[in-house]
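Here are a few friendly notes to read with the model open beside you. Take the points one at a time and look for each residue as it comes up.

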Amino acid sequence: MPPAPASPSTARAINDRLALRLLQEEGPLTAGELKALTGLSRPTVADLVERLRGAGLVRVVGESGAERRGPNAKVYGIAADRAHLAALDVRLRGLTVTVTDLLGTPLAEAAAPIGGDLDTGPAVERAAALLERTAAEAGATRLHTVGIGAPGLIDPVTGALRDSAGLPAWHRRLVGVVRERVPAAVLVENETNVAAVAELREGAARDRDTFVLLWLGHGVGAAVVLDGAVRRGASGGAGEIGFLPVPGTGALPSAADCSGGFHALAGSRAVRALAGSYGIEAGGSDTEGVPAGASAVRAALERLAARGRDARPAGAFLDALAERVALGAAAVGAVLDPGCVVLGGELGHAGGAVLAARVEERLAALSPLRTEVRASTLGGAAVLRGALLTARDAAQDALFGPLPAH
């Protein structure tokens with residue numbers, strides 16, 4: 001039997017959401033332009049525009065047609081100041097905050113180091129105060145939704161960060177304090193998962209609906225995107241590949257320690273040590289903002305580009321690093337067959353197309369499953385961007401109404 005026609009209220013909701021999506025993606029539009037893009041009748045468009053204006057979601061933002069005779073056409077746009085959003089990128093020793101309008105346009109941004117010498121209470125206070133100051137600077141008297149991207153496991157039921165070895169206690173406390181001090185919806189997600197959302201929507205995987213993001217930063221992780229959706233697993237731990245048993249570590253990981261797993265091969269400290277064995281010294285350290293492993297990769301690429309006597313060991317280092325990364329990619333690919341792996345995080349971004357091509361070549365030798373390997377186009381910035389996209393989607397669903405199933 002053919003499906004039953006949508007009820008009038010469902011049809012209105014679908015049309016309203018379609019118009020809002022077009023206003024978000026295309027910018028301000030006239031009623032005539034909305035009619036042409038939606039295929040709806042003129043009276044239907046007029047009704048939905050008035051409905052959205054009455055709800056405070058759309059307003060007149062200008063006029064068009066000044067060059068022709070007759071009355072000008074009103075131009076409608078989303079009321080971006082209807083709600084303010086915040087996104088937090090929580091790192092081992094620091095925090096970055098951005099506050100935006102409903103469309104995601106940045107209004108204020110700030111970052112602060114939070115060193116390991118601070119006790120949990122002062123560390124949480126510094127992080128929460130940074131969020132409050134940034135919101136005030138943006139003119140946001142009230143935040144609607146806050147998106148947080150943080151390392152570690154997220155409980156799929158409570159949305160809380162779980163206790164994780166190696167992560168500072170202030171991470172877990174911060175979520176609760178933000179919920180207490182900020183009257184907003186607070187969404188918490190693993191940093192690699194929100195980075196994958198950013199790569200899917202705006203980065204290296206824009207043309208894919210299925211891929212795996214290998215996060216190569218201070219630590220390692222993976223995000224699994226299948227059919228356009230991030231898959232978190234039964235306990236929220238899908239992609240914890242630091243614990244992946246792989247050859248070459250001389251040990252096995254345990255439930256409380258990933259030092260014998262893939263982390264021991266591809267974590268930043270391991271990459272820095274590998275670079276040192278080829279005579280490539282990395283500036284900085286893993287206690288600073290940029291992982292030392294990423295600095296080592298950049299130094300190697302600079303030597304390759306110079307084509308001097310240091311080019312050969314630099315190339316050998318990148319080959320050895322690609323061998324290591326390919327081990328993790330092959331294990332993930334054998335289970336999921338994603339067709340595409342994106343090398344993300346600061347190290348993956350630093351390696352760029354050169355490292356990605358080397359990993360793809362070695363992966364082809366390890367697995368019969370054809371897998372394209374791409375470099376992240378967003379790098380470490382993907383976490384903050386993904387957290388913002390998550391907050392924006394949730395806020396728009398709450399304000400615009402979820403798109404009805406049909």
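**Notes on charged pairs and a helix contact**

1. Start with a group of five names: a network of salt bridges links Asp319, Glu323, Arg358, Glu361 and Arg362. A salt bridge here is a side-chain nitrogen of Lys or Arg within 4 Å of a carboxyl oxygen of Asp or Glu. The structure holds 20 salt bridges.

2. Before going on, please keep the ground rules in mind. This is a predicted model, in which local features need pLDDT of at least 70 and side-chain atom pairs count only at pLDDT 80 or more, while totals for chains, interfaces and linings use all residues. Residues are numbered from 1 along each chain as its sequence is written, and side-chain values use heavy atoms, with hydrogens and water left out.

3. Now find Glu346 and Arg91, whose side chains meet in a salt bridge at 2.7 Å, N to O. This pair links distant parts of the chain, 255 residues apart: Glu346 sits in helix α11 (residues 345-366) and Arg91 in strand β4 (residues 84-91). Helices (H or I, at least four residues) and strands (E, at least two) are DSSP runs, numbered from the N terminus. Both Glu346 and Arg91 are buried. Buried means under 20% relative accessible area, exposed means over 50%, and partly exposed lies in between (1.4 Å probe, protein chains only).

4. Next comes Glu189, which forms a salt bridge with Arg232; their closest N and O atoms are 2.6 Å apart. Again distant parts of the chain are linked, 43 residues apart: Glu189 belongs to strand β8 (residues 185-190), and Arg232 to the loop between β11 (229-231) and α7 (263-266). Is Glu189 buried or exposed? Glu189 counts as buried because its relative accessibility is 11%, whereas Arg232, at 40%, is partly exposed.

5. Glu372 and Arg374 form a salt bridge through their side chains (3.0 Å, N to O). Glu372 is partly exposed, with a relative accessible area of 27%, while Arg374 is buried at 15%.

6. Finally, a helix pair. Helix α8 (residues 268-277) and helix α9 (residues 292-306) have axes that come within 7 Å and cross at roughly 35 degrees. Axes are lines fitted to C-alpha atoms, for helices over the stretch in contact, and angles run from 0 to 180 degrees between N-to-C directions. From α8, Ser268, Val271, Arg272 and Ala275 make the contact, and from α9, Ala292, Gly293 and Ala296; contact means heavy atoms within 4.5 Å.
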